[in-house]
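Welcome! Please take a moment to look over the model below, and then read on for a guided tour.

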Amino acid sequence: MEILTKSFVALWQVLAVGLLLGAGLPALFALGLRSLSSGRVVVTEGPAPQSKASALGLTGAVVCFAILGLAVAFGIIVIIFGKQLFG
Amino acid sequence: MYTWIATDELWMNLAGRTFRWSTAQPTLPHACNVTEAFFILAVVIVTALAFDFTNGFHDTGNAMATSIATGALRPKVAVALSAVLNLVGAFLSIEVALTVSNKVVNIQGADGSPVTALMGVPILTIVFAGLVGGILWNLATWLLGLPSSSSHALFGGLIGAAIAALGTDGVKWDGVISSIVIPAVAAPIVAGLVAAVGTWLIYRIAATVPDQRREQGFRWGQIGSASLVSLAHGTNDAQKTMGVITLALIAYGSWTDLHAVPFWVKGACAVAIAAGTYVGGWRVIRTLGKGLVEIASPQGMAAEASSAAIILSSSHLGMALSTTHVATGSILGSGVGRKGAAVRWAVAGRMVVAWVITLPAAALVGALCWFLADTISGALGVAVVFVILLAAAVAIFQHSRKAPIDAANVNDEWQDGLAPATTEPAKVLV
């Protein structure tokens, strides 16, 4: 019974982190692409879709991809030093 | 061959050498001379590296199947990238996974040193039989194109060998439940859910992005997340083989440090897993990339990101999940999360069957190998089992040539079976 309780707690955490990073980061990537592609991501009343990204769109995309870059770097740190960091 | 000298002593003449068994002093049931012990050690190391190789090629698809299926990377480029990342990942590992067997069997102490009673040839034989069980299961599932966990195959083999050698007390049944059964059930569900949510979000957010740009953009995201999965795989899985080989060296007596792995072991394991990855388990890649779900690059990215996040976090949150189970669940989830995507549940069902059978099947092989090696005993016993392993591996490889799958046809249309329609009838495959 104790095994089940412990497993349930661990799984709940895995699911939460999974949703946050595993689903959230791809969503951020999509947001970056959308931003890059249309420039309409932040303001809905912005210009119509165009082939070149607006300055606002470009900024949004850079922010999104920068966060993703940090997340990947964090991922690599976890791969190498995971045990030291989290036990 | 042997004669009774006294009531409690058994002498045996084997290949010109004389061995003595004494029932009065049962401390060394497999008394061997040094040359024989060294031979057994060498066979164990070769077998462990062979397992590492099958581990690599069986799991290439976990990271790269979706990138290959969506055309984000050409097949050969994908396996080459994955191989390099596995190699780098293996060298990055600073952990010593010496206690890897402790989760499921009682052959090592808490610090990783072998149990005193098993020191020497007995523990080498158990580990050897376990590895053979793991390798044969990996090869059999590869032949059928079914992704199955290499770790579970290894644990299965070790459990079987431990039961054969030590009885049911040799197994930590609590550990089997908490670190094998529950994770195997939970992994695909959790990963599937995360990937489904990710896929759904992605398609909603990127709905206004022109189709071609969306496909292009997500290919990059897919390659990035798949690379992270490959790197983590190299670190995690090569570590296990390093632990097994180091354990063998300790059992033999040529290594004593419980907190370090000899550098040559690290190098050999890194090369073995990378070589296996590069050879590419095309059969498994095909099932994962084409068989389960018709996949587009946004789904591919959602699947790989889900896999990467779960694989990297799960072990630190108290429940290590198998890369294979997570990757498969993620790919399924990416099909569920996209409106109108086809998911072949029959293929998924066959995988589930394979996962359920993995542990008992590998355990059975492990137990049989241990009995055979123990009955013949000594170096000859281990050698006989090794020859059987080689013969079985060659037979499985020959069988795979009847409907070969490689970089050229891995992406062919999926038509109710692993074998592409362009080859001979698919009756050789279940």
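Residues are numbered from 1 along each chain as its sequence is written, and chains are lettered from A and ligands numbered from 1 in the order in which they are written.

**The two chains**

Here are the chains side by side. Helices (H or I, at least four residues) and strands (E, at least two) are DSSP runs, numbered from the N terminus. A residue counts as buried if 20 or more other C-beta atoms lie within 10 Å of its own, as exposed if 12 or fewer do, and as partly exposed in between, with C-beta atoms placed from the backbone.

| Chain | Helices and strands | Buried residues |
|---|---|---|
| Chain B | twelve helices, three strands | 59% of the 430 residues |

Along the principal axes, the C-alpha atoms of chain B fill a box of roughly 85 × 45 × 35 Å.

Chain B is divided into domain 1 (1-31) and domain 2 (38-407), with bounds from an automatic or database domain assignment. Taken over C-alpha atoms, the centres of these domains of chain B are 41 Å apart.

Contacts tell us about the chains too: two residues are in contact if their C-beta atoms, placed from the backbone, lie within 7 Å. Of the contacts in chain B with a separation of 6 or more, 81% are between residues 24 or more positions apart. In chain A, 38% of the contacts between residues at least 6 apart in sequence join residues at least 24 apart.

How confident is the predictor in chain A? The pLDDT (the predictor's confidence in each residue, from 0 to 100) averages 82 in chain A, and 80% of the residues score at least 70. Residues 41-46 of chain A stay under 50. Where pLDDT is low, the predicted coordinates should not be read in detail.

**Where the chains touch**

The contact takes 33 residues from chain A and 44 residues from chain B. On the chain A side, helix H1 (2-38) and helix H2 (55-86) are the elements that give two or more residues. H1(A) supplies the largest share, 23 residues.

**A helix and a residue in chain B**

Helix H7 (residues 263-279) of chain B has 17 residues and reaches 24 Å from its first C-alpha to its last, close to the 24 Å expected at 1.5 Å a residue; the expected span is 1.5 Å times one less than the number of residues. Among the buried residues of H7(B) are B:Val265, B:Cys269 and B:Ile273. Their cover includes helix H1 (34-69), helix H2 (75-92) and helix H6 (211-252) of chain B. Just after H7(B), B:Gly280 takes a positive phi of about 75°.

B:Arg286 sits in helix H8 (residues 282-291) of chain B. Is B:Arg286 buried or exposed? B:Arg286 is buried, because 25 other C-beta atoms lie within 10 Å. Not counting residues up to four places away in sequence, B:Arg286 touches B:Gly145, B:Gly291, B:Ile405, B:Val410 and B:Leu418.

How values were computed:
This is a predicted model: local features need pLDDT of at least 70, side-chain atom pairs count only at pLDDT 80 or more; totals for chains, interfaces and linings use all residues.
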